[in-house]
Amino acid sequence: LYITALAFALLGVLTGLTVIVAGRALARRRLETAPARRPFESGSDPAVHAWSRYHVRFLPYALIFILFDMEMVFMYPWAVVFFDVGWKALAEMGMFITILVLGILYAWRERGFDWD
Amino acid sequence: MDRLSAAARLRGFPLVGWGGEETWRHLRTNGRIEPTPAPHDADLLVCLGALPESWRSEVVKLYETLPLPRAAVHFGDEGGGACEGLPGIVRATTADLDDGLTWSRIAAARGDRTAANNRPLLEDRPPAPWRGIGPHGQGGEGMMGGKPYGRPMAMTAEDPDQLTLDDVPTALGPFFPGLPSGLRLVLQVQGDRVRTVTKVENRFPPSERQPRLLEPTLAPAAAVLAGEEVTIAALEQARLRAHLNWAANLLAFCGLDVLGKRFARAATAPPDAGSLRSLFGAAERACLRFLLQGVGRISRDAAERRHLVGPLARASGIARDARAEDPAYAAAGFTCLTQRDGDCWARWCQRRDECFQACALIERAGARLATAPEAPGGALRRRGAGRLAGASAANLTALEESLPGLEWFAAVLFVASLGLDMQEAALR
């Protein structure tokens, strides 16, 4: 067991090293001077510092996605017992999904799916 | 490794100067160069035509950001202007574009790692050094004061959602690939939305050059205005070519590069309505309408107020076309085509319909002599002392009114959809 673990660790280290060495060998070299690191900005010099705060306009969209994505978790145990419980399980899941669909329709009406 | 690298297709970043647009179109379609969106990914700085002298410091700064090995090439029939001082620059005329020897010279210049072109050109000094003052090393008092790395923090302004957000001055151009070379806009951007336009600048200095020497698609209309005999076929072929090149550029912006290349190749082929219909059909099946509809709307009132001309005005519903007053065009059954919505999709439909119309006019009355100086972008007019002026100067005014409120992608797409030519706009 220890030998297998050691072999895997060695393989992992070797893979990592290979990627690093190959990357260094194959990548194109850049000048390390400050003018060579200048951002492109379509040909103009940057006027202000890069730190800036902006509104994440797609936040409601992202939250709704996570919310409904999490509901999927309840479907895994349901799928396990579905054949044992039968029609009763189907009806219960139907009710659950209906409630979810009402939620989706409400979010849609409130323009929750607009990217802005 | 060097041999493998030499065999690969070169990635080039273009700098388009006076009369260089046509050369760049040729290089893109002949497959010698793959365009890159930034010089940081390029093998080659491709200088086309004569670059204005005022661009010199920007040209050197851009060249310095190219990774090694690198080279610069100038294609043009006159001096390179601002690119002349670049070390080891390969000079070639437009006749050498497909000459294998030119490309061997470029590969040799790039491959010589000890040559001056692969050594630093500029002094290694940070443009905005770290100040290290203040509680966070930000260079001043509080989070908003001072100049971290020598640059000030962006000030804040209220956004349409009544939030106070950073208002970042952001430059678009003058070397944004795909947008008109020389056009520099300074936009105040909040997140990904343009709040306002603070500057519209043409980096081409005023010039007395002749438009026909700058852009071949302008030549027939310029000849009409000069009193020369020009056929409807010559005028309409130029229009067809310009519209197809415009469509190729817009498709590349939409991520449809392969279709764009097909349009660019069609622009150099003889006019054929059947193949154009299938080409436009292929583009429109690729969700183009979804991308363009509702973007960058210019209302009819705004177009009237701003005195817009050409297909840009016609896409907003203004039936203004010099060909409508030409008896030769009237005899050929010409009618002024317009659209209604004035958005990017309407501009696409307008140019598409004008392409089909051009094919029909060439077939019906190609040999007749025309008197209408309607260039592809709009009517050419005389500006005293025999000088000609084009439509781009008039259409530039659309930017300030229509850009605010657009998201970044829509803003860039909108500018590309206007079909501006900054060289034409600089003519005096």
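This is a predicted model: local features need pLDDT of at least 70, side-chain atom pairs count only at pLDDT 80 or more; totals for chains, interfaces and linings use all residues.
R9(B), by contrast, lies 364 residues away from P373(B) along the chain, and the C-alpha atoms of the two are separated by 41 Å.

## Salt bridges within chain B

Side chains of opposite charge can pair when their charged atoms come close. One such pair is formed by R314(B) and E354(B), whose side chains meet in a salt bridge with an N to O distance of 2.8 Å. This pair links distant parts of the chain, since R314(B) belongs to helix α12 (residues 310–315) of chain B and E354(B) to helix α14 of chain B, 40 residues apart. Both partners count as buried, R314(B) at 0% relative accessibility and E354(B) at 1%. R314(B) and E354(B) also take part in a network of salt bridges that links them with E236(B), R239(B), D321(B), R323(B) and E374(B). Over all chains, the count comes to 32 salt bridges.

## E64(B), between its own chain and chain A

E64(B) lies in helix α3 of chain B, which covers residues 56–64, and it counts as buried at 0% relative accessibility. Its side chain meets that of R70(B) in a salt bridge, 3.2 Å from N to O, and R70(B) is likewise buried, with a relative accessible area of 0%.

Not counting residues up to four places away in sequence, E64(B) touches L31(A), T33(A), P35(A) and A36(A) of chain A, and within chain B it touches R70(B), P120(B), L121(B) and L122(B).

## The interface of chain A and chain B

The contact between the chains takes 29 residues from chain A and 55 residues from chain B. Together the two chains bury about 3500 Å², of which 56% is on carbon and sulfur atoms. On the side of chain A, the residues that lose the most area to chain B are R28(A), F40(A) and R57(A), which together account for 20% of what that side buries.

Across this interface there are 2 salt bridges and 13 residue pairs in polar contact, counted where both residues have pLDDT 80 or more. By class, the side of chain A that touches chain B has 12 nonpolar, 7 polar and 10 charged residues. D45(A) forms a salt bridge with K61(B), in which the closest N and O atoms are 2.9 Å apart. Within chain A, the side chain of D45(A) also meets that of R38(A) in a salt bridge, at 2.9 Å from N to O. D45(A) counts as partly exposed at 44% relative accessibility, whereas R38(A), at 9%, counts as buried.

## Helix α4 of chain A

Helix α4 of chain A comprises the 23 residues 87–109 and reaches 33 Å from its first C-alpha to its last, close to the 33 Å expected at 1.5 Å a residue. Within α4(A), A89(A), M93(A), L100(A) and A107(A) are buried, and what covers the buried residues of this helix includes α2 (59–71) and α3 (75–85) of chain A. Just after α4(A), R111(A) takes a positive phi of about 65°.

Definitions and conventions: Residues are numbered from 1 along each chain as its sequence is written. Chains are lettered from A and ligands numbered from 1 in the order in which they are written. Side-chain values use heavy atoms; hydrogens and water are left out. Helices (H or I, at least four residues) and strands (E, at least two) are DSSP runs, numbered from the N terminus. The expected span of a helix is 1.5 Å times one less than its number of residues. Buried means under 20% relative accessible area, exposed over 50%, partly exposed in between (1.4 Å probe, protein chains only). Contact means heavy atoms within 4.5 Å. Buried area is the accessible area (1.4 Å probe) that two parts lose on being put together, summed over both. A salt bridge is a side-chain nitrogen of Lys or Arg within 4 Å of a carboxyl oxygen of Asp or Glu. A polar contact is a pair of N or O atoms within 3.5 Å; within protein, one must be able to donate a hydrogen and the other to accept it, and residues adjacent in sequence count only if both atoms are side-chain atoms. Ala, Val, Leu, Ile, Met, Phe, Trp, Tyr, Cys and Pro count as nonpolar, Asp, Glu, Lys and Arg as charged, and the others, Gly among them, as polar.
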